[in-house]
Structure formats: structure tokens, C-alpha cells
Amino acid sequence: MSLAVTALYAGLLGLFYVLLSFWVVKVRVKQKVASGDNGNPVMQNAMRTHANFAEYVPMGLILIGLGEAQGMPAVATHTLGAALLVARVMHGFGMGRMPHTPALRGGGAALTFLVLLVAALANIGHAVL
């Protein structure tokens with residue numbers, strides 16, 4: 001079984017995660033925070049932006065990959081994968097700024113939740129039908 005479509009989006013999301021990681025390191029150097037956040041709101045924001053990505057992307061990819069493994073059409077898999085990628089980039093840019101950009105942050109969060117909901121329901125549907 002090949003999960004080529006999911007693998008594409010996992011790779012692209014992985015690249016964005018690396019970029020977020022480098023950004024957090026850059027903030028650490030600029031804010032002179034070697035470990036933790038030192039109560040620094042700029043560092044806290046960078047860490048939460050990075051962590052939020054790490055909290056939501058794995059479940060999204062698991063659900064998309066399971067859908068693909070169950071025979072979800074490629075167009076649906078691409079749609080969910082692309083939407084997750086767009087959502088997380090939007091959220092990362094919206095939350096990464098100080099002050100936050102509410103339209104990007106909120107839109108990215110909403111789109112992430114929509115992807116998770118649709119993918120979860122698709123998996124449930126495949127499992128019970």
C-alpha cells in the first residue's frame with residue numbers, strides 16, 4: 001500500500017515545521033533566551049506558534065493517511081492535504097506576528113478544524129460501511 005498523496009503533504013508540512021523551528025531559534029538568539037521562555041512574551045509566542053503546529057499536524061496527517069489507505073479518492077486526499085497545509089501556514093503566519101493577525105490565525109485554526117472534522121468523519125464512514 002502506497003500513501004503517496006499523504007506523503008507529499010507530510011513532506012511539505014515537515015519543511016514548514018523546520019522553518020518554524022529555525023524561526024524559534026532566531027527568536028531565542030534575538031531575545032537572548034537560551035532555554036524555556038524566561039517570561040518573555042515574544043519567546044512565549046514563538047514557542048506556542050511552533051507547539052501549536054506540532055499539536056495539530058500529526059492528527060491531521062494520521063486521519064488523511066488512514067483515509068487514503070482505506071481508498072479515499074486521490075482528489076479528496078489532495079484536497080484535505082492541501083487544506084491542512086494552507087491552514088497551518090495561515091495559522092503560523094497569523095500567530096507568529098506580534099500583534100497577531102486575527103484573520104490568518106483564526107482562519108487557519110478554523111480550516112484546520114474543518115480538515116480534522118471531515119477527515120475524521122470520512123474515516124468513521126469508511127470503517128462502518
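Val-27 counts as buried because its relative accessibility is 10%, buried being defined as under 20% relative accessible area, exposed as over 50% and partly exposed as in between (1.4 Å probe, protein chains only). The structure is a predicted model, in which local features need pLDDT of at least 70 and side-chain atom pairs count only at pLDDT 80 or more, whereas totals for chains, interfaces and linings use all residues. Residues are numbered from 1 along each chain as its sequence is written, and side-chain values use heavy atoms, with hydrogens and water left out.

Val-27 lies in helix α1; helices (H or I, at least four residues) and strands (E, at least two) are DSSP runs, numbered from the N terminus. Apart from neighbours within four places in sequence, Val-27 is in contact with Lys-32, Val-42, Met-43 and Ala-46, contact meaning heavy atoms within 4.5 Å.

Helix α1 has 28 residues and reaches 40 Å from its first C-alpha to its last, close to the expected 40 Å at 1.5 Å a residue; the expected span is 1.5 Å times one less than the number of residues. The buried residues of α1 are Val-5, Thr-6, Tyr-9, Leu-13, Phe-16, Leu-20, Val-24, Val-27 and Arg-28. Their cover includes α2 and α3. After α1 comes Lys-32, with a positive phi near 60°.

The chain as a whole contains 4 helices and 0 strands. Of its 129 residues, 36% count as buried. The largest nonpolar core has 16 residues, and those with the most contacts inside it are Leu-13, Phe-53, Leu-80, Leu-84 and Val-115; such a core is a set of buried Ala, Val, Leu, Ile, Met, Phe, Trp, Tyr and Cys residues joined through side-chain atoms within 4.5 Å. At least two residues of this core come from each of α1 (4-31), α2 (41-69), α3 (74-96) and α4 (102-128), and α2 supplies the largest share, 5 residues. A second, separate core of 5 residues includes Val-24, Val-27, Val-33 and Met-43.

Leu-84 of the largest core is in contact with Leu-13, Val-57, Gly-60, Leu-61, Ile-64, Thr-112 and Val-115, neighbours within four places in sequence being left aside. Among contacts between residues at least 6 apart in sequence, 65% join residues at least 24 apart.
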